[in-house]
Amino acid sequence: MSRVIGIDLGTTNSCVAVLDGGTPLVLPNAEGARTTPSLVAFNDAHERLVGQQAKRQAVINPTRTIQRVKRLMGRKYRDADIQELGQQVGYQLVEHVNGDCWVQVNGQAFAPAEISALILQKMRLTAEDFFGEEIRDAVITVPAYFSDAQRQATRVAGKIAGLNVLRIINEPTAAALAYGVQKDKDANLLVFDLGGGTFDVSVLTVRGGLFEVVATSGDNHLGGEDFDAAIMAYLLDAFEAEHGMDLSGDAMALQRLRGEAETAKCELSTLRETSINLPFFAVNDSGAKHLTATLTRAQLEEICKPLLDRLEAPARRALQDANLPGGKVDEVLLVGGMTRMPAVQQLVERIFGNKPSRGVNPDEAVAIGASLQAGILAGEVQEFTLMDVTPLSLGLRAKGNRMSKVIERNTAIPVRATKIYTTTEDNQNTVILQVLQGESEIATDNSLIGTFSLTDLPPKPAGRLRIEVAFDIDRDGIVNVSATDTETGNEQSITIEDGSGMSEAEIQRAMQRVGAMTEAAS
Ligand code: AMP
């Protein structure tokens, strides 16, 4: 089997690793860096820039620089948090068919999966350059909390990038795998992953090389960017108080400020105080105005307190759901750049009573774990088996807008479950099945991941037909549902595959566009 790469497709940064002679290697990109900013930009020459090149020009080209695209994967344009994100980013979000969220640049619409594909392609080329050989097979990681639609979109992104995606695994599971390489003992682990855009907590047990995720929790909409936004809001308020100018609608100023806010935040992980200087931040009748401020670690913690507070409930929920004997974890692993913030580490220690482990590099752990999973699939690593769980409950919409759960969250995957349903009206010849993912008892509060109908039912009084609905969740967390009328044997099934938000024709078109770029670059 040829080499299989492991890719951490992150909100802010991505990383690629591969097993080389049994040892995980993090591969440096063409710019020499071990992580690549997850940014794609379009310039005046209609060229596409990916990674560091895109990041460097983001300030002067905010409307054509696409960042944080991971947050858009498999999402609907009208979702409240997507609308909110649309206000924060400099580029334009548009509503595509089925209400999916796409991005628009230079009058052209792109699916989030196509933009992610450009990042994945860069990771693939990084590996190909390193080894001087063609690479096709990959394992890609996603947050444990990703829904079916988000996983589908990730798989499609891999396909567009010319990759054969062998497996999609959860980021915390990958991090624990990386940890497993370094420590060889049975343990209960808690992975606390706070990255650029998402927060995940997972509890895993490791027994004789067998990794089992026993609980997951988190917040899909909480990450380092929110900390940056809080700092920005604080600085903009201070600037307005001093100069009477509101710059919250100035895309260029916001882009400059975002970079400074993030740098200050990172510096305050090691320093007690730092300064922010943005010369010529604005101009009014009395001349140029500069933004200068000092920020202390204590102020930062005060500004970010509402965000820090939001970390606690999901962390406690995961621990509770895990129901560990004695209720204790042996090790807490920190993943994601934001866990370098001292206040985050203190919070973790206060909640779990353990000093977090520092054995794993928080920026690289996930890609290293993905490369280990790749090694397992390629038969190169034998000592681990991986078991994962589904992060969200799965079910059907039942009478009275109720959610009829068929598979509870935290069930080990792959899994198959069946349930018998019946008709509610006399001589009903069609049933429409709405497949839902989520935890609410109220159907419409959960996300609808697919609809299909079972037709040509034989005429029967209400409640007499037996319709068996089978749910399958595969190893990647992707859902397949089938319904059978047990009397006639008539069966209908769907793979919930429109979840990626792209039709097959759109995927093919994107593959051509992305492929054309490879040729232009080589
Ligand atoms: P990741 O998605 O894991 O690459 O995490 C990226 C996030 O971590 C970004 O929001 C960064 O600003 C943040 N980050 C990176 N280094 C530090 C640091 N030293 N202190 C605080 N936050 C950091």
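## Residue classes and basis of the model

Ala, Val, Leu, Ile, Met, Phe, Trp, Tyr, Cys and Pro are counted here as nonpolar, Asp, Glu, Lys and Arg as charged, and the others, Gly among them, as polar. On that division, the shell around the ligand holds two nonpolar, eight polar and three charged residues.

The model is a predicted one, in which local features need pLDDT of at least 70 and side-chain atom pairs count only at pLDDT 80 or more, whereas totals for chains, interfaces and linings use all residues. Residues are numbered from 1 along each chain as its sequence is written, and side-chain values use heavy atoms, with hydrogens and water left out.

## The ligand and its shell

The ligand is surrounded by 13 residues, of which the closest are Thr-12, Gly-196, Glu-262, Lys-265 and Ser-269; a residue is near a molecule or strand if one of its heavy atoms lies within 4 Å of it. Helix α7, residues 251-267, supplies the largest share of this shell, with three residues; helices (H or I, at least four residues) and strands (E, at least two) are DSSP runs, numbered from the N terminus.

A polar side-chain atom of Glu-262 lies 2.6 Å from an oxygen atom of the ligand, while a polar backbone atom of Gly-196 is 2.9 Å from a ligand oxygen atom. Gly-337 also takes part through its backbone, with an N or O atom 3.1 Å from an oxygen atom of the ligand. Of the 500 Å² of accessible area that the ligand has on its own, the protein covers 86%; accessible areas come from the Shrake-Rupley method with a 1.4 Å probe, and for residues only the protein chains shown count as cover. A polar contact is a pair of N or O atoms within 3.5 Å, with the further conditions that within protein one atom must be able to donate a hydrogen and the other to accept it, and that residues adjacent in sequence count only if both atoms are side-chain atoms.

## Aromatic pairs

Rings of Phe, Tyr and Trp (its six-membered ring) pair if their centres lie within 6.5 Å, and planes under 30 degrees apart count as stacked, over 60 as edge-to-face and the rest as tilted. By this rule the count comes to four aromatic pairs. One of them joins Phe-130 and Phe-131 edge-to-face, at 4.9 Å centre to centre and with 75° between the planes. Phe-130 is partly exposed, at 40% relative accessible area, and Phe-131 is buried, at 18%; buried means under 20% relative accessible area, exposed over 50%, and partly exposed in between (1.4 Å probe, protein chains only). Arg-3 lies over the face of Phe-131, 3.8 Å from the ring centre, where a charge sits over a ring if NZ of Lys or CZ of Arg is within 6 Å of the ring centre and within 35 degrees of the ring normal.

Phe-239 and Phe-281 form an edge-to-face pair as well, with a centre-to-centre distance of 5.2 Å and 80° between the planes. Because Phe-239 lies in helix α6 (residues 224-243) and Phe-281 in strand β16 (residues 273-284), this pair ties together parts that are 42 residues apart in sequence. Phe-239 counts as buried at 3% relative accessibility, and Phe-281 counts as buried at 5%.

## Further contacts between residues

Helix α6 also contains Glu-225, which counts as buried at 9% relative accessibility. The side chains of Glu-225 and Arg-68 are joined by a polar contact of 3.3 Å.

Ala-149, found in helix α4 (residues 148-160), counts as buried at 13% relative accessibility. Although Ala-149 and Gly-74 are 75 residues apart along the chain, their C-alpha atoms are separated by 4.9 Å. For Glu-491 in strand β28 (residues 491-495), which is partly exposed at 48% relative accessibility, the C-alpha distance to Val-469 is 9.5 Å across 22 residues of sequence.

## Backbone geometry in loops

The peptide bond from Ile-413 to Pro-414 is cis, with omega near 5°, and Pro-414 is found in the loop between β22 (412-413) and β23 (415-421).

Asn-98, in the loop between β8 (92-95) and β9 (101-105), has a positive phi near 65° in a residue other than glycine, and Asn-98 is exposed, with a relative accessible area of 58%. Asn-323 lies in the loop between α10 (312-322) and β18 (331-335), where its phi is positive at about 50° although it is not a glycine; at 65% relative accessibility, Asn-323 counts as exposed.
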